[in-house]
Amino acid sequence: MFSGTAWELPRSAIGLWTVESAISTILLWLGIGAFLLFVPADAGGPVPVLRWVLPALGLLYAVVAIGIRPRIKHRIYRWEITAEAAYTRTGWLTQTWTLVPISRIQTVDVTRGVLQQMFGLATVAVLTASSQGTVRIWHLEHLVAQRVADDLARRAELVRDQAT
């Protein structure tokens, strides 16, 4: 599917994913802490086991989510724009290849969430009329995202002009 020239995301995407994972880990640990604080150790049933299993699972989650997942995602996620289509490859356990023909593009948007702004990143959303909806090229450098969006919109307009 890719011609061999597919682009990887900037390294700052790793930082973004690490911060996102740290936030989810903090929320998880708040839940674990609430359980340890408010559920008495002598409550019986599975509680004594859960009092040591939950922190162990929380630690495992933190190691995978913060230390491993962002780097794996960076190695796997790819995108490419050719004369005929926009391609993305996502997923680290289940990989998805998505192709959007230039002729099917209706709208191209660039969005920047709060964390993306902190890391100088943006997402290009390619909207089509298909039942699959929107295809996103995540976490591009902001100026690259703007150039990609402008290029895709221009190409889509040229294809529409040629079809009429």
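So, start with the sheet: 3 strands make it up, it's open, the order is S5-S6-S7, and the pairing is antiparallel. At the edges you've got strand S5 (105-111) and strand S7 (134-141), each pairing on one side only. From one strand to the next, the twist averages 20 degrees.

Quick housekeeping before I go on. This is a predicted model, where local features need pLDDT of at least 70 and side-chain atom pairs count only at pLDDT 80 or more, while totals for chains, interfaces and linings use all residues. Numbering runs from 1 along each chain as its sequence is written, and side-chain values use heavy atoms, with hydrogens and water left out.

On terms: helices (H or I, at least four residues) and strands (E, at least two) are DSSP runs, numbered from the N terminus. Two strands pair if DSSP finds at least two bridges between them.

How many bridges join S5 to strand S6? There are 6, with S6 covering residues 121-128 and running antiparallel to S5. If you want one to click on, take Val 110, whose bridge partner in S6 is Val 124.

Now the charged pairs. Searching the whole structure turns up 3 salt bridges (a side-chain nitrogen of Lys or Arg within 4 Å of a carboxyl oxygen of Asp or Glu).

One of them is Arg 78 with Glu 8, at 3.5 Å, N to O. That pair ties together distant parts of the chain: Arg 78 sits in strand S2 (residues 78-81) and Glu 8 in strand S1 (residues 7-8), 70 residues apart. Buried or partly exposed, you ask? Arg 78 is buried at 16% relative accessible area, whereas Glu 8 is partly exposed at 41%. The cut-offs are under 20% for buried, over 50% for exposed and partly exposed in between, with a 1.4 Å probe and protein chains only.

Then there's helix H4, residues 142-163. Asp 151 bridges to Arg 154 there, with the closest N and O atoms 2.5 Å apart; the two are 3 residues apart, so about one helical turn separates them. Arg 154 is partly exposed, at 46%. Asp 151 also meets Arg 155, at 3.0 Å, N to O, and those two are 4 residues apart in H4, again about one turn. With shared partners, Asp 151, Arg 154 and Arg 155 end up in one network of salt bridges.

Definitions and conventions
Axes are lines fitted to C-alpha atoms, for helices over the stretch in contact, and angles run from 0 to 180 degrees between N-to-C directions.
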